[in-house]
Amino acid sequence: MWDEAEAGYDFGPGHPMDPVRLLLTMRLVRALGLDRLPQVEVAAAPPATEEELRTVHLPEYLAAVRAAAADPAAADESRGLGTPDDPAFPAMHDASALIAGQSLAAADAVWRGPGHAVNVAGGLHHAKPGSAAGFCVYNDAALAVRRLLDLGAERVAYVDVDVHHGDGVQEVFWDDPRVLTISVHESPRTLFPGTGHATETGGPKAPGGAVNLPLPPGTGDTGWLRAISSTVPPLLAAFRPQALVSQHGADTHIEDPLAHLLVSLDAQRCAAALLHRLAHEHAGGRWLALGGGGYAIADVVPRSWTHLVAEAAGAAVDPATPTPEEWRAEVLRLTRQDAPRRMTDGFTPAWRPIDDGGYDPADRVDQAILATRRAVFPLHGLDAGAGW
C-alpha cells in the first residue's frame, strides 16, 4: 500500500519522524524491482472515513485533530496535539487519515485473499482513542485489527517488534479476548512510553491477552531474536489467530538515535522472515505488516523495510546485494548523507530459543524472557519452564 501523499505526514524540520524515510524506502523498493514482480501489486486507498476512524477513536478527539489542522496554534495539548512529540500541522488530519486508509485497505485485502500486505507508512502504535502520543495521531494498527474483527475474524494476533512498547494497540484491546497483543521492546525503565512491563497481561475478560517482553538496554541480535523466538511462536500456536498483524519499527537498530538496543539490519530481516513463516503456520497465511518507528532515516529504515516488502512478496533480497547506484544518488540528494552500499550490516545472526538453548540465570535477557513466560504462558495453557 503506497500513496506518495503519505509523505505529507510531516511534523516539520528537525522532527525525528522525517517523511523522507518513506520516500527513500519506496524508491529502494522500486530500484530493486520489487514493485514489478508478478505477484506484487502496488495499490493506493482513499483516506479513512470519519466512521472508520470512530471504530477506534473518540469523536471529540477526531474533532480536535481537525481543529488543530485548521489552526495549529490552537491545538489542544491535553489531547497530545501541539506538543513537541506531535506538533500540529495543516495536513495533520488528512495525512493521518490517508495512512489509516492504507492499513484498512490492507486488512481488507489480507482477509479477502488470503495473502500478505505491507504499509510502511503505518504502524503508528502509540495513538490512543482520545489522544495523540509518540509521533502518532491515528492508530492505524488498531484500526486494521478492528477491521479484521469486523470482517469476521474471531481471533487476531498483533505482534510488535518496535523498540517502543505498543501501548496504544494494547490499550484498545486490553479487555478483548479476540485479540492477542505481543510487544517485544526496550525496558520501560529506560525508554518512552514507560509502559510494557511483563506484569501487564490483559483485562479481566482477556487474561493473557496482552504479552509484554521488556528487554534491557544494550540487547543485541542474539538476545533480541532469542526473546522473540522464545515467546511469539508458542503463543501464536496456542491462540490460533486467523490473521496476523505485525509492526516492524526499525528503531531497534544500533544506529537509531532515540533508543538503546543494539540490533542489526540483518536481525530485523530475520524477524520479518520468522513472522512470515508464523503467519503461514498459525494464521492461514493472512499477514499484514506495518512500518513504525525508525529514525536512522537513510542508513537503516529504507533497507529494513525494503527487506520487509521483499519477504512479504516471497522474494527475499540477498543481504550481499549492492544498493542500486541511482538510489544512493537519491539518498545524497535528499539527505546529504552517504548511502549504505549493501543490503546488509555484515552480520549473520545466530540464536536459539530458550527451550533449545537452556536458561542462564545470570543473563538479563533470559531473566526477561522467563519473567514474561511466567506471567502469561500458564494463562494460555503453556509451560513457562517450571524447572528453571
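Let me start with Phe135, which lies in the loop between strand S1 and helix H5 (140–150); keep in mind throughout that what we are looking at is a predicted model. Phe135 has a positive phi of about 75 degrees although it is not a glycine, and, because its relative accessibility is 9%, under the 20% cut-off, Phe135 counts as buried.

Arg240 also has a positive phi without being a glycine, near 55 degrees in this case, and Arg240 sits in the loop between helix H7 (221–239) and strand S5 (243–247). Is Arg240 buried or exposed? With 51% relative accessibility, Arg240 counts as exposed.

Now to the prolines, where two peptide bonds deserve a look. The bond from Gly113 to Pro114 is cis, with omega near -15 degrees, and Pro114 belongs to the loop that runs between helix H4 (92–112) and strand S1 (116–119). The bond from Phe192 to Pro193 is likewise cis, with omega near 5 degrees, and Pro193 falls in the loop between strand S3 (179–186) and strand S4 (210–215).

Stepping back to the whole chain, we count twelve helices and six strands. The radius of gyration is 19 Å, close to the 21 Å that the globule rule gives for 388 residues, so the chain is as compact as a globular protein of that length. Buried residues make up 61% of the 388 residues, and, of the contacts with a separation of 6 or more, 75% join residues 24 or more positions apart.

Finally, the accessible surface comes to about 14,300 Å², with 52% of it belonging to carbon and sulfur atoms, while the mean positions of the 30 positive and 49 negative charges are 4 Å apart.

Conventions
Residues numbered from 1 in each chain as written. Predicted model: local features only at pLDDT ≥ 70, side-chain atom pairs only at ≥ 80, totals over all residues. Heavy atoms only, no water. Helix = DSSP H or I, 4+ residues; strand = E, 2+ residues; numbered from the N terminus. Rg over C-alpha atoms; globule rule 2.2 N^0.38 Å. Buried < 20%, exposed > 50% of the residue type's maximum accessible area, 1.4 Å probe, protein only. Contact = heavy atoms within 4.5 Å. Areas by Shrake-Rupley, 256 points an atom, 1.4 Å probe, with all protein chains shown as cover. Lys, Arg positive; Asp, Glu negative; His and termini not counted. Charge placed at Lys NZ, Arg CZ, Asp CG, Glu CD.
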